[in-house]
Amino acid sequence: MHTLQSLQILGLDPKSDLAQQVIARVAGNGRWEHAGQRYFDGEVEPCINGRTVETGAYFGVDVSGIVARLLDERLADGGWNCEAENGSVRSSFHTTINVLEGLLKYERATGGSDAVREARRAGEEFLLERGLFRRKSTGEVADPAFLEFAFPYYWRHDVLRALDYFRRSAAAPDPRMAEAAEIVEAKRQPDGRWRLDRVHPGRVHFAFEDGVGRPSRWNTLRALRVLAWWRS
């Protein structure tokens, strides 16, 4: 999953022979550890299914069955949570951003539907009501890690990832994003670059960056894109 997400972010041509060979192998042999489900059929956690929809839609796989499941699993507050099956009724920042990115990619690939667009708008509102990183109940920072920028980000939420999602969705900048945009701007270093704040655990084939605390090409690229969009 991490590898497919990284290849997509890097811009591997989804129609290339190599990409199609990879996807065919994953589709034919990949099984989820949950219950042996085929990879592109998804499994039970919406955070995983959101990412599966995103990569599937990007590489031309029919993931409409997973999308239908995600639409049914949206919580009353507008977002999603992997812990819903265990009784949670409050959405998660992490799960919601994963599903939103998946639905956006699916919508771009297929044209989507009114139901997909409605669900995406509801999920966006969940994040916006919380300024992309605060608890709605108290206004406190929900998790200090939301203010630290990693790449690759895998399944984890942070304000740069959230802002980059809204940029890619072609949304108009919303005043409720202002504090998050200020955080991105404040983390710019005197040389004009952004640092790598953290590395999330997970096996990798090679490192994308030079280490925590060092200038990050990917964080710099994403931050520059976000701020250009925000100022527009």
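## Pockets, salt bridges and overall fold

The lining of the second largest pocket is made up, by class, of four nonpolar, three polar and five charged residues. This pocket belongs to a predicted model, and the space within the pocket comes to about 280 Å³. Its lining consists of Arg-90, Ser-91, Ser-92, Phe-93, Phe-126, Arg-130, Arg-134, Arg-135, Lys-136, Ser-137, Ala-142 and Phe-146. The largest pocket, for its part, has a volume of about 350 Å³. It is lined by 14 residues, and those closest to its centre are His-2, Thr-3, Arg-203, Val-204 and His-205. Sorted by class, the lining of the largest pocket holds eight nonpolar, five polar and one charged residues.

Glu-179 lies in helix H8 (residues 178–186), whereas Arg-134 lies in the loop between helix H6 (114–128) and helix H7 (159–168), so the pair ties together parts that are 45 residues apart in sequence.

In one of them, Asp-164 pairs with Arg-167, and the closest N and O atoms are 2.7 Å apart. Asp-164 and Arg-167 are three residues apart in helix H7, which means that about one helical turn separates them. In the other, the side chain of Arg-168 meets that of Asp-164 at 3.8 Å, again from N to O. Here the two residues, Arg-168 and Asp-164, are four residues apart in helix H7, and this spacing likewise corresponds to about one helical turn.

| Salt bridge | N to O distance |
|---|---|
| Asp-164 and Arg-167 | 2.7 Å |
| Arg-168 and Asp-164 | 3.8 Å |

Arg-167, by contrast, is partly exposed at 22% relative accessibility, and Arg-168 is partly exposed with a relative accessible area of 24%. These pairs belong to a network of salt bridges that links Glu-101, Arg-161, Asp-164, Arg-167 and Arg-168. For the structure as a whole, the count of salt bridges comes to 21.

Turning to the fold, the protein chain contains nine helices and zero strands, and its elements, read from the N terminus on, run α-α-α-α-α-α-α-α-α. For 232 residues, a compact globule would have a radius of gyration near 17 Å, and the protein chain agrees with this, because its own value is 17 Å. Along the principal axes, the C-alpha trace of the protein chain spans about 50 × 40 × 30 Å. Of the 232 residues, 48% count as buried. Finally, when contacts in the protein chain between residues at least 6 apart in sequence are considered, 61% of them join residues at least 24 apart.

Technical notes. Residues numbered from 1 in each chain as written. Predicted model: local features only at pLDDT ≥ 70, side-chain atom pairs only at ≥ 80, totals over all residues. Heavy atoms only, no water. Salt bridge = Lys/Arg side-chain N within 4 Å of Asp/Glu carboxyl O. Buried < 20%, exposed > 50% of the residue type's maximum accessible area, 1.4 Å probe, protein only. 1 Å grid on protein atoms, 1.4 Å probe; cavity = no way out; pocket = protein on both sides within 12 Å on 5 of 7 lines; lining within 4 Å. Points joined across faces, edges and corners; volume = space filled by probe spheres on them. Nonpolar A, V, L, I, M, F, W, Y, C, P; charged D, E, K, R; others polar. Rg over C-alpha atoms; globule rule 2.2 N^0.38 Å. Contact = heavy atoms within 4.5 Å.
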